[in-house]
Every structure is written in structure tokens, then in C-alpha cells.
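Hi,

Here is the structure I said I would pass on. Have a look at it first, and my notes follow below.

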Amino acid sequence: MKAVCWMGTSKVETLNVADPALLNPHDAIIKVTRTAICGSDLHLFDGFIPTMEAGDILGHEFMGIVEEVGKEVTNLKRGDRVVVPFTIACGNCLFCKKKIWAACDNSNPNAHLMEAAYGYSGSGLFGYSHMMGGYAGGQAQYVRVPFANIGPLKIESDLPDEKVLFLSDIFPTGYMAAENAQIQEGDTVAVWGCGPVGQFAIASAFMLGAARVIAIDRLPERLEMARSIGAVTVDFGEEDVSVLTALKDLTGGTGPDACIDAVGLESHSRELQGFYDRVKTALMLETDRPSVLRQAIQAVRKGGTVSIPGVYGGLLDKVPFGAAFGKGITMKMGQTNMHNYMKPLLNRIESGQIDPSYIISHRITLEEAPRMYEVWRDKKESVTKIVIDPWAEIAA
Amino acid sequence: MNALNEKPNAEVSPRQTEASTILDGRYVPPPKDGDGKIWIRTSAMVNAPAEELYRMWRDVESAPLWQEQIVSVMRTGERTSHWVMQVNDERVEWDSEVLKDEPGKRIAWHSIDGDSENAGEVIFERATADRGTMVTVLQEFKMSTLASAWETLTGRNPKQAVVENLRHFKALAETGEIPRSQGQPHGPRGLVGKFKASAYGEKIATPSGVRSKAS
């Protein structure tokens, strides 16, 4: 089959590799009908996530048709149409029982690597380094799905793939970010980053009762999309805009009730701190560039909530913990507990509350993926979301 | 009259054995390596009844399903068994004897003859609030720390093997399988990729978990 492989930092190739096989009794093989490139795939592309190996198949947002099931899989059969969550969960450990699926004890074969870095291991993820399990990803024609009796969501309506594909990660991730923001009716919520997760965080904040959502980015196409669903936008790239002042001005001097960092470890800052983080990460004295997180902690109102769906991987410098303590804020974060959100959000799509496909800008083939990783990194061609048809020969 | 008389969910003090982590209310650190011996103590919370886990552990002939590099185990008596381990090209064999056998609670064993000198104990304690069973394993190997470091570089250090085996045991008990990513498709690994796979311990085969095939 054809698959998109990570071959080193800033190097991605579409290669012919072996087809996946059933390896465990709860496995399924899925024929992938649609997959996507995630913003977090850029952290891999840029070499920020350790324990990638040359040849690793990328991709954790995918859906398709069940091709084959292991002998213990009872809820799926060949021909079923499914969306697969990017976090792999066993369904029967202490954490799955508590519905903290992203902390599953039994889905990471390389748990010792994550234990060494984080103390304890989270769940395995598709196509996201060996520390996260070394599972082959879904930017391919076929993919093996472990614990297929727990994760995959069956799509029984005739909704097109593009409307349900984002249930595999970014819609639930944006939704959990809004849920973690503990929004009360009438709240003002500020969202940093208007990429796909930011978009769904904005949409979900409105769904959960926010009165005003303030969207912060510098790319015109993203800000335009944010306004199209009702957000007030702040362009931090404009010469005379200070984000902190803007957020005070837009909240009567109180500050946002909740701040959502939908950017994560590779944030860009034009201030001095941006230069500081670039130097320190280049010297390997710091692994992540947390300028958005710093700003969100500074901006949130007293007693407010900072919600972090953006990915962080390692060590952060100069995080204003005094401000966090001084204002008595709450911080909530982590990989998405996918299995809690897929079905309820499918219901919202089916009832017409939201059509997640509005973020798609590019539809491509597997062959075009390597070039599009660069376009996505450089934010060229007004790119907002790239969707791949693994079986298409010519771009749509 | 005690100073504190309201502890609605406090656990009762656990009983004392070799592998215990608490003695008279004080935490007991794991034994230190030395005198040609290395020690490892590790524990896991397993969502299954203690009796079931005891039976799984005591069924020594099934050990190759969840213990790394164990090729075969044959029962040779009520309390004795013969173990065969394959480490790269080397075959390691020994006989083992159960010393303490308390159904649902505790098993202790030691090697009696062969290429490996080892001893161990596993205890199964009912966890609080229906969390299942706390399984604690203490194992010792006759081996210098230098040899242990060498094993870390060339394959699996025995300490890490005990940790991984308990992880496999837990996964098998909770889900009926052991998670694996070996045997999946991938592009060319190149030299660095191969080195990384070795460094990450991915060269050690994940035990099958089940007697039959996946499909």
C-alpha cells in the first residue's frame, strides 16, 4: 500500500510499504477513505517530538471502511463505515473506567519511554512517535486499529466523509478545550490560534454558552473563518495591537473568563521573549516555546480558567506561575478523552448544529502530501485544513 | 482516645511479607543492589479479582504468553518447574521451586539449579474502593551491577524485564491481550532508525498474550 512516512526532520515521503495485518484479537484493519494532516503533525515534521524513527507512517486523523476484524471484535464487521479516535484505549483499566481514556494504562507498548519522561504513560496514539506507542498512522491506504471494540464510531447515516472526518481528533479536541474552559452562560472566552482546533474551540465555546469569543491569530484566512462563525478577532500581527490591552478593552477591564491556548509548543512571538525561546530551544536548554501560554496566564481574569488543548512536550521556561497563583486561576489540559465526545458531537453534526467541513481548504492525494507538509508549515496558499483521499490518483 | 477518630475510607494496615512496601506505618524502600545481587520491586493496579490474578501467575506453564524471552516452562512437580529462556543466541535454563503458596494472596519462589540464580515474591492485595488488586513483585537476581549495565546496552536489563512483564500481565488480565506495535508496516528505517529501535527496547519481542492467532 501507499503511506506517508516520516524520514527525518522536515522530511516526509510517500512510499510503498507492506499492508497492515491483524496482530491482536481486538484489532481491525480499516481501508482508509479520508485522512487529514493535523497541526500537531507539524510538531513531528519540525522534529519537536522525540522518539520518531525513520520510516514511521504518519497520521492520526482518519476514517474508513472496516476491511477485516480480529476474532474478539464483536461490534464491527467488514463493510462498516467508521471514524477512528486518535487516542487508543482498552476500555477496562482504572482510567478507561473513569472515562479518562487518553490516560489508558494498556494501549502503549512503549510505556517505559513515556514513564521515563513523564513519570507515567498515557495512552498509545496513532502515528505519533515511539514514546506514544510506535503505532503506524492513518495517512495510508490501510491502517491497523487496536482495541477496535472500544474506539471506532460507526457512521450509519449517509453524511459525507468530510463532515464526520474531524470527529477523529480536532472537533472533539476543540470541544474538550471549551468544556475544560468551564464556561458559564454569558462568559467571554479568548482563543489563541485560529487553526482547526481553535476553530472548533470557538464553535464549541458558543455551543456551551459563551456570549463573546475573542479569536487571536495573525493569518487573515483564519481570522476570516473565525469571524464567519461569530468571533471577534484580534490580529496580533498588526503593528499597534497589544493582545493584553485588546483583551482588557474587550472585557471592560476584567479580562476573559477563560483563555484557551490552541497553539502549543511552537508559538510565535514578535516580542523579545520570542527571540529568547528561539535561542534557548536552539541550545537545547528549553524544549518548547510557550509564549501563548505565558500570555494566556497573564490575560485571564482573577479566578478564571486557562484551558490548553495545544500540545506541549517537554520543559518550559519563564512561565508566570506567580500570576497564576496570585489570581487563583484554574488550568486544565491534556490529550483529548476522545471516547467521551465522538457520539454526542456526531449527534450535533447530524442535527445540523455544525458542519465541520467549513475549515477545509485543500483536498489532495497521498503523492501530494510531502509538498503539502511544507505548505502547511509555511502557511502558504491560504491553507487552513488539508484532507487526503488515499485512493485518488489526481487531486480533486 | 486517639487524636483522629473520623476516617471513613481509611484502609486497614496491609500484612507484612518480603515484598511489602509498608512496615509499621513507615514506607519501606526497595532493597539496594550489592553483594553480587540486584533487586527490583514494582507494582501495578490491576482491575481484576486477586484470586483470578493468583491463578494466572501460579499457572507457570502459561508464563511464556506474558513473560519476555521465556520460551517454555514445564511443570516438574507440585511446586517445581523447569524454565527455558532465549536471550539472543544464548539459551538459559533453570529449575524453580515455589516456597510460599497462599492462594489469592501470595507466591514466593527461588531457583534451585541451572544457569540463573533468582528468587522472587508476588503479593496480591485487594485495592480500595473496588479498584481491583494491587500486585507487588519483588525479584532478586544474582548478578553484578556491571553485568546489569551491560544487559541494558545489549538487550533488556533484568530489572526492566520484571517491570515490563508485570505490565504485560496486567494488560492480559484486563483486556485479554498485550498491546503491540511490532510487526506493523513502515518505510525504510535506515541506520539511525535501527539504532533507535534498539535503544527504545523494541528489539525484545512482545509476548504473544494468547495461544491462538489474532484472526
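Before the domains come up, one point on terms: domain bounds here come from an automatic or database domain assignment. Also keep in mind that this is a predicted model.

With that said, the assignment for chain A gives two stretches of sequence, 2–169 and 337–388, to domain 1, while domain 2 takes 171–333. Between the C-alpha centres of domain 1 and domain 2 of chain A there are 25 Å. As for how they meet, 22 residues of domain 1 of chain A are in contact with 19 residues of domain 2 of chain A. On the domain 1 side of that contact in chain A, 11 residues are nonpolar, 7 are polar and 4 are charged.

Now the chain as a whole. I get 13 helices and 18 strands in chain A. Its radius of gyration is 20 Å, close to the 21 Å that the globule rule gives for 396 residues, so chain A is as compact as a globular protein of that length. If you want a box for it, the C-alpha atoms of chain A fill roughly 60 × 50 × 45 Å along the principal axes. Buried residues account for 56% of the 396 in chain A. Taking the contacts in chain A between residues at least 6 apart in sequence, 72% of them join residues at least 24 apart.

On to the partner chain. Here 45 residues of chain A are in contact with 34 residues of chain B. Which elements of chain A give two or more residues to that side? They are β1 (2–8), β2 (11–16), β4 (56–57), α2 (94–97) and α3 (111–118). By type, the chain A side that touches chain B splits into 21 nonpolar, 15 polar and 9 charged residues.

One residue I'd zoom in on is N92(A). You'll find N92(A) in the loop between β7 (87–88) and α2 of chain A. Is N92(A) buried or exposed? The cut-off for buried is 20 or more other C-beta atoms within 10 Å, and N92(A) has 20 of them, so it counts as buried. Leaving aside neighbours within four places in sequence, N92(A) is in contact with N47(B), E174(B) and T175(B). Within chain A, N92(A) and N106(A) sit 14 residues apart in sequence, and their C-alpha atoms are 8.7 Å apart in space.

Cheers

Technical notes: Residues are numbered from 1 along each chain as its sequence is written. Chains are lettered from A and ligands numbered from 1 in the order in which they are written. This is a predicted model: local features need pLDDT of at least 70, side-chain atom pairs count only at pLDDT 80 or more; totals for chains, interfaces and linings use all residues. Two residues are in contact if their C-beta atoms, placed from the backbone, lie within 7 Å. Helices (H or I, at least four residues) and strands (E, at least two) are DSSP runs, numbered from the N terminus. Ala, Val, Leu, Ile, Met, Phe, Trp, Tyr, Cys and Pro count as nonpolar, Asp, Glu, Lys and Arg as charged, and the others, Gly among them, as polar. The radius of gyration is taken over C-alpha atoms; the globule rule is 2.2 Å times the number of residues to the power 0.38. A residue is buried if 20 or more other C-beta atoms lie within 10 Å of its own, exposed if 12 or fewer, and partly exposed in between; C-beta atoms are placed from the backbone.
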